[in-house]
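Here is a friendly walk through one model, chain by chain and contact by contact. Please keep the structure open beside the text as you read.

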Amino acid sequence: MLASPWTFLALSAGLAGGILIGALPGLTATMAVAVLAPFTFFMEAVIGIPFLLGIYKGAIYGGSIPAILVNTPGTAAAAATARDGYALTQQGMSRKALELSLFSSVVADLISTLVLIVVAIPLASIAIRFGSPEFALLYLIALTMIATVSGDNMAKGLAAAGLGLLVAVIGLDPMSGYQRFTFGNTDLLAGVSLIPLLIGMFALSEILMQLTHPAERQGGAEAIVHGGERLRWAEFWALRPTILRSTSLGTFLGSLPGLGAEIACWIAYGLARGRSREPERFGKGSLEGLAAAESGNNAVVPAALIPMTVFGIPGDTITAVLIGALMAQGMMPGPLLIQQNPGFLFGLFLVLLATNVLLLVFGLFAIRWLKQVTRIPPAVLYPCVLLLCLCGAYAVNSSTFDLLILAFGGGLGYLMRRTGFPIAPLIIGLLLGPGFESALRQSLVFSNGSLAIFWSRPGSLVLLSLLALIIAFLAWRGLKPRGAASRSPWSRRNKPHNAQGGDS
Amino acid sequence: MTPKVLSLTLLSASLAAAGLSAASTALADESHLPDEPIRFVTPYPAGGSHSLHAGIITAVGEEFLGRPLISVIRGGGGGAVAAAEVAGSTPDGSMLLFGDPTINSLRPQVEDLPYAMEDFVPVARINYSAAIFVTTPDQPFQTIGELVEYAADNPDDLVYSSDNRNGWTYTVFEMLKSTADVEMRGVELGGGGPAVTQLLGGNTMAYAGDASVVGEHLEAGTLTGLCVTDIERSDAYPEIPTCQEEGYDVVFQFWRGVMAPAGTPDEVIAELSDGFERMTQSEGFLRLISQIGSGIQFQGHEEFAESLAAEQAALREAYLGE
Amino acid sequence: MTDNFLTLSHRTTRIFETLMGLGTLSVGLVFLRTVHATPPPYGDPGDIGSAAFFPGLVALLVSAIGLVLTLMAWRPASPAAMASGRTARALVAYALMVAVALGLPWLGIWLTAMLAVPLMALLFDERRWPVLLALAVIPPTLVIHLFEGVMGIYFPRGVLL
């Protein structure tokens with residue numbers, strides 16, 4: 001399958017197109033694959049499928065580019081990336097941030113792909129035992145990460161998270177059919193569209209912040225002209241525990257059908273901060289934070305193919321589209337594909353590995369140009385960002401109402417940033433609230449209303465204990481005076497360094 | 001594998017339909033359609049079978065309708081948002097809804113939605129699929145009769161995977177519960193993917209869904225087919241009986257069809273219906289449709305109006321009748 | 001990065017903190033009131049399995065935090081001062097964003113884009129008219145063709161054109 005040059009060409013074209021699409025706010029990987037999938041029906045499988053896989057991977061990676069450069073996550077999964085990535089750009093280290101994001105993505109993707117190839121079947125048979133109770137607890141664990149991104153003022157963080165959760169419950173409730181908090185508005189039936197709100201809160205509020213506090217770049221322009229220094233190997237090597245941890249987490253979460261990259265990036269981020277020697281740098285340009293978020297969300301991608309290849313079950317919306325495209329080529333993924341067409345499956349794995357290598361090449365090439373984005377004067381850059389946001393927000397649903405959501409998000413984001421409310425908790429609430437609520441209520445239908453389901457199953461018992469541990473740890477850490485926090489039991493491996501003063 | 005294939009793909013999709021019936025050049029002259037592109041609205045998010053079908057229809061439709069088709073994917077509220085938008089658009093054939101039974105027959109009758117069933121007139125039915133009731137081989141019941149017996153012996157003990165409230169799976173299980181007079185608990189999981197996952201993982205005991213979702217598991221033996229909600233057995237799974245054969249009157253054909261807002265002139269409806277009919281007869285369209293594992297059961301606007309009215313009446317009886 | 005910004009007076013900061021607290025409180029109360037309206041619209045808020053439980057719980061939490069925030073604004077230790085800046089200009093830009101969002105369905109994508117981009121550049125102190133003209137033409141052409149051509153997204157053309 002790899003033998004054909006056309007396969008490579010299709011893969012490269014898909015990858016390049018995917019990076020572009022992913023980098024445009026509002027155009028998501030799911031949309032790109034869904035829109036272009038019908039065209040692959042006209043192609044042969046060895047061209048069509050690599051093309052789609054290229055788009056898929058490219059778009060996932062592409063989402064981190066605008067997050068780092070202009071604080072606008074191209075996809076929801078890149079929201080955690082924007083925190084430290086954009087902080088690095090503001091410090092004139094956009095090149096380092098872009099390179100780190102690329103390397104962490106590729107490494108995470110590579111490891112996760114190898115996991116897919118080697119242990120897909122045993123991992124999938126564990127993952128499929130996970131039901132709603134376990135999902136509810138996983139969501140709850142992710143929601144506790146609100147505490148790690150709330151900044152100095154926990155009350156403001158909780159308020160932001162609460163507002164996010166309230167926005168998330170607006171719309172038609174799929175379980176009961178009630179129209180909740182729609183206030184008689186037809187457009188709110190579908191709920192508040194996530195992507196337009198996200199673009200508004202990040203990108204529009206960023207434009208407004210730039211107007212409020214014009215960056216004094218002009219003076220110190222020399223330092224950033226070339227996007228700052230490159231990532232040093234030693235810096236990257238020092239991050240390997242973080243990357244490995246986030247990758248294993250992302251791979252595990254990705255193999256659970258239905259849990260996406262949105263949840264993985266925040267848990268990975270929170271976990272990295274918990275184990276970090278310098279947690280106070282998180283959100284202010286921490287390399288660890290950026291690496292954790294990027295490797296966490298990219299590890300999900302190949303892992304989401306695990307339920308697809310083993311059971312024919314889509315791991316997320318995008319693999320659902322991929323299954324459609326594979327079916328159109330007469331390859332129904334699932335238990336039969338492994339038996340009937342192992343050659344194709346093997347080829348698929350090889351293509352996935354090849355995509356990684358190509359992604360590295362394309363990414364390095366793209367960074368040469370992308371780091372120049374910081375050279376564009378604000379008077380040109382931000383009006384163009386506004387235009388992209390406008391088009392992107394409309395594109396999600398072809399809805400003019402979404403433009404109002406975009407504007408609302410912009411105003412809310414600006415207000416919060418000016419008054420010291422953190423945005424990240426709101427995003428976490430918004431992304432994870434609905435999943436938590438439906439998993440919780442589904443569990444109660446399973447158990448006929450008994451809460452015992454959360455500790456009577458082996459999987460949920462483990463997760464419940466884990467949750468208790470995390471809460472205890474967060475509480476213990478919160479009670480300790482600032483500065484001593486880095487000497488936590490979780491980072492005992494780093495004790496020797498800490499003894500000499502962890503905050504250096 | 002050849003350059004020809006690649007270049008073909010890079011061209012517009014309408015190329016695939018080239019060389020087919022160069023039908024009705026006269027059409028453009030005496031058309032009643034407004035002189036603008038037709039917006040073809042898919043009421044579900046990108047990625048489902050609806051958007052796959054819509055992608056093909058809009059790719060090849062221009063040749064048969066005389067107007068370019070623009071695919072508008074407008075998910076939300078289980079289809080209600082798009083339906084409300086089309087219902088409120090100018091009724092001249094410039095905006096069409098890719099409807100289905102839940103949007104056009106069931107939910108407007110049982111839910112308080114911002115549009116009514118009468119806001120739409122049928123244009124053409126493209127095709128339908130029937131749901132297959134399935135279970136896993138390790139459950140204590142392996143036929144639909146045993147399932148009903150089990151549910152009767154253990155009221156409220158049988159947990160099944162459902163999709164959304166008043167969704168497809170939800171509806172066929174409600175029909176089964178009402179005809180067999182048993183109690184079971186459905187868990188609304190939001191879609192076919194998670195529903196099958198929970199069934200395979202042993203968290204639920206039964207499900208009913210489209211062949212595209214459960215078909216492969218039936219072949220692999222990881223799921224057992226109980227019965228089909230159609231009037232005759234399916235060609236692909238002739239060994240699975242219909243529910244009627246087994247003594248349970250559960251018939252639900254999940255059709256996909258084109259709907260126009262009420263008030264659209266009759267001649268426009270007729271012209272669109274003819275156009276879609278010619279499209280469903282064209283070789284290129286059929287080839288593409290078969291590639292996504294689907295087929296054509298076309299009904300023109302008159303025939304479709306009859307079957308739709310019958311379906312709406314049947315659902316009204318099943319849900320609100322007693 | 002906030003170190004060298006001018007800050008608002010403690011009094012103004014306190015007013016803002018109070019307003020944000022009250023705002024949070026009122027959002028919480030609106031949702032709480034909806035959940036507990038008679039008859040209960042989404043089921044019983046006390047029943048964990050119902051559609052009303054989770055929104056009710058969160059609304060309660062938000063209301064409580066709103067109250068805490070309002071009170072915290074008035075504790076004796078003065079709150080950390082907020083940074084001041086060119087707020088008026090940002091508000092003008094926000095008005096432009098809202099106008100663009102509202103006006104796009106009527107003005108159409110082309111007119112909106114060709115007005116919004118140069119106007120935003122004006123707010124960023126770009127005064128050279130060739131640059132503004134270029135901004136009015138090049139980015140809209142590129143972006144709109146990219147979205148419409150590649151992704152098949154069809155923007156509203158508006159009623160004027």
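## Where chain A meets chain B

The contact between these chains takes 49 residues from chain A and 51 residues from chain B; two residues are in contact if their C-beta atoms, placed from the backbone, lie within 7 Å. On the side of chain A that touches chain B, α2 (29-40), α3 (45-62), β1 (171-172), α16 (317-328), α17 (335-340) and α21 of chain A each supply at least two residues. Of these elements, α16(A) gives the most, with 6 residues. Helices (H or I, at least four residues) and strands (E, at least two) are DSSP runs, numbered from the N terminus.

By class, this side of chain A has 29 nonpolar, 17 polar and 3 charged residues. Here Ala, Val, Leu, Ile, Met, Phe, Trp, Tyr, Cys and Pro count as nonpolar, Asp, Glu, Lys and Arg as charged, and the others, Gly among them, as polar.

## How to read the model

This is a predicted model, in which local features need pLDDT of at least 70 and side-chain atom pairs count only at pLDDT 80 or more, while totals for chains, interfaces and linings use all residues. Residues are numbered from 1 along each chain as its sequence is written, and chains are lettered from A and ligands numbered from 1 in the order in which they are written.

## Where chain A meets chain C

Turning to the other partner, 54 residues of chain A are in contact with 58 residues of chain C. The elements of chain A that give two or more residues to this side are α8 (154-169), α9 (194-212), α19 (378-397), α20 (401-418) and α21 (424-446). The largest share comes from α19(A), with 13 residues. The residues on this side of chain A divide into 36 nonpolar, 12 polar and 6 charged.

Helix α6 of chain A, residues 94-127, is worth a look. It has 34 residues, yet its end C-alpha atoms are only 38 Å apart, short of the 50 Å that a straight helix would reach at 1.5 Å a residue; the expected span is 1.5 Å times one less than the number of residues. A kink of about 90° lies at Val119(A), shortly before the proline Pro122(A). The bend at a residue is the angle between axes fitted to the seven residues ending there and the seven starting there. The helix α6(A) is mostly covered, with 26 of its 34 residues buried. A residue is buried if 20 or more other C-beta atoms lie within 10 Å of its own, exposed if 12 or fewer, and partly exposed in between, with C-beta atoms placed from the backbone.

Phe181(A) lies in the loop between β2 (179-180) and α9 of chain A. Its phi is near 50°, a positive value in a residue other than glycine. Phe181(A) counts as buried because it has 22 C-beta neighbours inside 10 Å.

Chain B has 13 helices and 10 strands, and buried residues make up 55% of its 322 residues. Of the contacts in chain B with a separation of 6 or more, 75% are between residues 24 or more positions apart. The domain assignment gives domain 1 (35-128 + 254-320) and domain 2 (132-228); such bounds come from an automatic or database domain assignment. The centres of the two domains of chain B, taken over C-alpha atoms, are separated by 28 Å. Their contact takes 10 residues from domain 1 of chain B and 8 residues from domain 2 of chain B. Helix α6 (residues 101-110) of chain B gives the most to the domain 1 side, with 4 residues.

Asp156(B) is found in the loop between α7 (144-153) and β6 (159-162) of chain B. The phi of Asp156(B) is near 65°, also a positive value in a residue other than glycine. Asp156(B) counts as exposed because it has 11 C-beta neighbours inside 10 Å. As for confidence, chain B averages a pLDDT of 83, and 89% of the residues score at least 70; pLDDT is the predictor's confidence in each residue, from 0 to 100. Over residues 1-28 of chain B the pLDDT is below 50, and this stretch has 40 contacts in the model beyond near neighbours in sequence.

## Chain C

Chain C is divided into domain 1 (1-82) and domain 2 (85-161). Their centres, taken over C-alpha atoms, are separated by 35 Å.
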